[in-house]
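Here are my notes on the model, in numbered points. Please read them with the coordinates open.

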There are 2 protein chains.
Amino acid sequence: MVINHEFYMRLALQEAWRYQILTYPNPPVGALILDKNGKILAIEAHRKAGEEHAELRAVIAALNLPQINELPNPDSRHRTLIEHHKGAFEGCTIYTTLEPCNHYGSTPPCSLLLKEMGFSRVLYGMRDHNPKAIGGNASLQEAGIEVIGPILEQECRDLITPFLKWQKNRFCFFKIATTLNGVYDGGTISSLPSRTLVHQMRDRCDLLIIGGETVRNDRPTLDARLINGKAPDVLILSHEKTFDQTIPLFQVPNRTVYIEQNLDKIDAYHLIMIEGGERMLESTAHLIDWVCLFESAQMRSGKTVQYSADFERVHTQPLASDIIEWIKKGESS
Amino acid sequence: MVINHEFYMRLALQEAWRYQILTYPNPPVGALILDKNGKILAIEAHRKAGEEHAELRAVIAALNLPQINELPNPDSRHRTLIEHHKGAFEGCTIYTTLEPCNHYGSTPPCSLLLKEMGFSRVLYGMRDHNPKAIGGNASLQEAGIEVIGPILEQECRDLITPFLKWQKNRFCFFKIATTLNGVYDGGTISSLPSRTLVHQMRDRCDLLIIGGETVRNDRPTLDARLINGKAPDVLILSHEKTFDQTIPLFQVPNRTVYIEQNLDKIDAYHLIMIEGGERMLESTAHLIDWVCLFESAQMRSGKTVQYSADFERVHTQPLASDIIEWIKKGESS
C-alpha cells in the first residue's frame, strides 16, 4: 500500500462518513493531523451542527486536552486554544476533506484556528463553494501556509453530496434494513447500534415518509427514543385516509402527521428519509437521491426487494455486526 | 478516533485481508512499520506462498528499494537487506498480525530479519502456535527487542481461521455473487476486478464444487483464465451422471472432474470452494466454514437465496464497485 496524501485523506474521509446525515444542516467533514515528523496525532470529524468543526476537534484531540471540553461551548474552546496554545502546531500538517471555513458561525473561522495554531501545511479534499464559508485557502496562503489540493476530490464531493443537495433544495434518502440474503421482513433485522444510528438520523430529518401498509401492519412509533431525540414529521403515503389513532406514531407530541395520496407536501422539507420495502422504493424512486442499506449478517427466509436499478456504491462502513452501504443512482438512471 | 496500537494493527489487518485465501497454504499476514518518530513507513501483506512474508515486504517498501525486487527470489532479497541495511530500523516499530516466524522456509526467519534490521519494538496480533514457525517472540526478546501483544487477538485469529483449518484438515467456503437486493441469477453480476479475484481463488483452491444444474444451464469453464492460472479439480454434485462433454469445463487440461451424488471424494482436499446459489448452499451447508459474498451495487429482479442461518460478519472490504463480505457460521449454528 502506498502511504501518500490519498492514504491520509481516506482516513479522514472514513471518520467523516460515520456522521453522514447527522451533521445536518452542516456538511460532514473529516480532519487528520500529522506532527512535524509525520506521526498521526488525530483523526476527527464534525459530528453535529453546533458542535466543533472537524479541524477544532482534531486540534483538541491532538493536544490531548480533554479538559478543554469542559468549557461551555465550541466558541470558548476555540478562543482558549488560540490564547494558550498559539503556535503549538508549527511544522505540522492537517488534512481536511473540505477547504477550511473562513466565516464566523458558532465558532470563529477554522482558517483562523489553523493560522493561530501555526500549521505549516494544509491539504484539502475539495474547495468550498459555499458563499458563507468561502476563502479559507486564500486566507491560509496569505499567512504563508502551504496549501495543497484537491486530494481525492471525487470522494470528498461524494461525502458532501447530501449537504450540497439539502442546501440547494432537498436531499432524500431511502433507508432499508435487510439480511445478508436481502430479506427485509420478519421483525427486527439490525443490531442495536444500527437502530440507534437510525434514531439519530430521524432526530436530524425534517420529514419521514412511510407507507400506509407498514403503519397498519407494524404499528410503529417512528420516533428517536433510543437517543431521546426529536421525532420528525411523518408523511404516510396511502390511498386509505383512515388509520387507527392508537397506533403509537400518532401519539408522539410536537409532530405533524400527513396522510397523503401523493408527495406534494414535501416541498417544505430539506432532509427527507423514507423507510420501507419494495413498494415504497417503487413509489418514491423518482424522489430518491441515495439508498442507505443496513445489512445484517444473518440469512432469513422472507420477502426480498424485486426491483431493477443502476446504482453506484458511494461508501460502505461496518457498524457492530452490520454494514451500512450508501448507494447513489447511477449515471444512466 | 483513538490513535493507538489497535488502530495500527487494524491497518495491517485490512491489508492482509486483501489476500485472504490467496496465500494458501500459508497464512495471510499483515505488517505495518512506524519510524522512530511514529510516522507510518509501510503497510504490506504476504500475498502468495513462495513470495515475501509480510515483514520482508514491509521492510523493502519502508526502505523504498524497488530495485531489490529485481533480485531473483525472496531469499536473496532477505539476505541482501541484512547485508546492506543492517540496523536501518533502529528505534522503529513493526506491527505484525501474527508473531514473526522463526524458521527457515523459502526465506530465513522473519525474527532474524527484524533483529538484523535493528527494530526496537515488535507488536504482534496473535501468537503463532504452528510448530514449524514457533519461537519468534522469544528469539526477538532474547535479542533485546521489546515485544508487545497480543493486539486485536480475536480479529487476528479470524484472519487466519481458514489457514488454521486447512492446515489441520480442510477449509471450505461458499462463494456467491449477488446484487444489492440479493439476486444471484440473470448473468454476470460482479465487476471485472471481483471476477479476477475469484479466478485467483480458483487458482489456489484444490477443489471446486458445483451443482449439476448450474453446469447444464451455464455451461461454465470454471478455470482461472483471467490470471492465466491453474484450474482446480471440479466435483459436480448431481443425481444425473451424464453431461454434455462439450461443456467447456470438461475441456480444461490437467484437471480431474468428478460427477458425484455425495461429497465423499472431498477428503483428499484441503482448500475447497463451492460456487452456486440457494440449492447448493442448502446441500453443502454442513460442510461450509465461511461464506464469501461478492455484492454488487445494482438492483435486479430475479432469484434470491431463501435460507435461514445465524452468521457472523468477519470482514468486509470494497473491491472496485463491489464489496466482499466474509461471513462465518454463528456460535449457535
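1. A salt bridge here is a side-chain nitrogen of Lys or Arg within 4 Å of a carboxyl oxygen of Asp or Glu. By that rule, the count between chain A and chain B is 2 salt bridges. Keep in mind that this is a predicted model.

2. One of these bridges joins the side chains of B:Glu295 and A:Arg313, at 3.8 Å from N to O. Polar contacts between chain A and chain B come to 25 residue pairs, with both residues at pLDDT 80 or more.

3. Which elements of chain A give two or more residues to the side that touches chain B? They are helix H1 (5–17) and strands S2 (40–45), S11 (290–295), S12 (311–319) and S13 (322–329) of chain A. S2(A) gives the largest share, 5 residues. By type, the residues on this side of chain A divide into 21 nonpolar, 13 polar and 10 charged.

4. The contact takes 44 residues from chain A and 44 residues from chain B. About 3,600 Å² is buried between the two chains, and carbon and sulfur atoms give 51% of that area. A:Met1, A:Met299 and A:Arg313 supply 20% of the area that chain A buries against chain B, more than any other three residues.

5. Now helix H4 (residues 110–117) of chain A. Its buried residues are A:Cys110, A:Ser111, A:Leu113, A:Leu114 and A:Met117. These lie on the same side of H4(A), because they cover an arc of only 160 degrees around the axis.

6. The cover over the buried residues of H4(A) includes helices H2 (54–62), H3 (74–84) and H5 (136–142) of chain A, along with strands S3 (93–98) and S4 (121–126). Just after H4(A), A:Gly118 has a positive phi of about 90 degrees.

Terms used: Residues numbered from 1 in each chain as written. Chains lettered and ligands numbered in written order. Predicted model: local features only at pLDDT ≥ 70, side-chain atom pairs only at ≥ 80, totals over all residues. Heavy atoms only, no water. Buried < 20%, exposed > 50% of the residue type's maximum accessible area, 1.4 Å probe, protein only. Helix = DSSP H or I, 4+ residues; strand = E, 2+ residues; numbered from the N terminus. Arc of directions from axis to C-beta. Contact = heavy atoms within 4.5 Å. Buried area = accessible area lost by both parts, 1.4 Å probe. Polar contact = N/O pair within 3.5 Å; in protein donor to acceptor, adjacent residues only side chain to side chain. Nonpolar A, V, L, I, M, F, W, Y, C, P; charged D, E, K, R; others polar.
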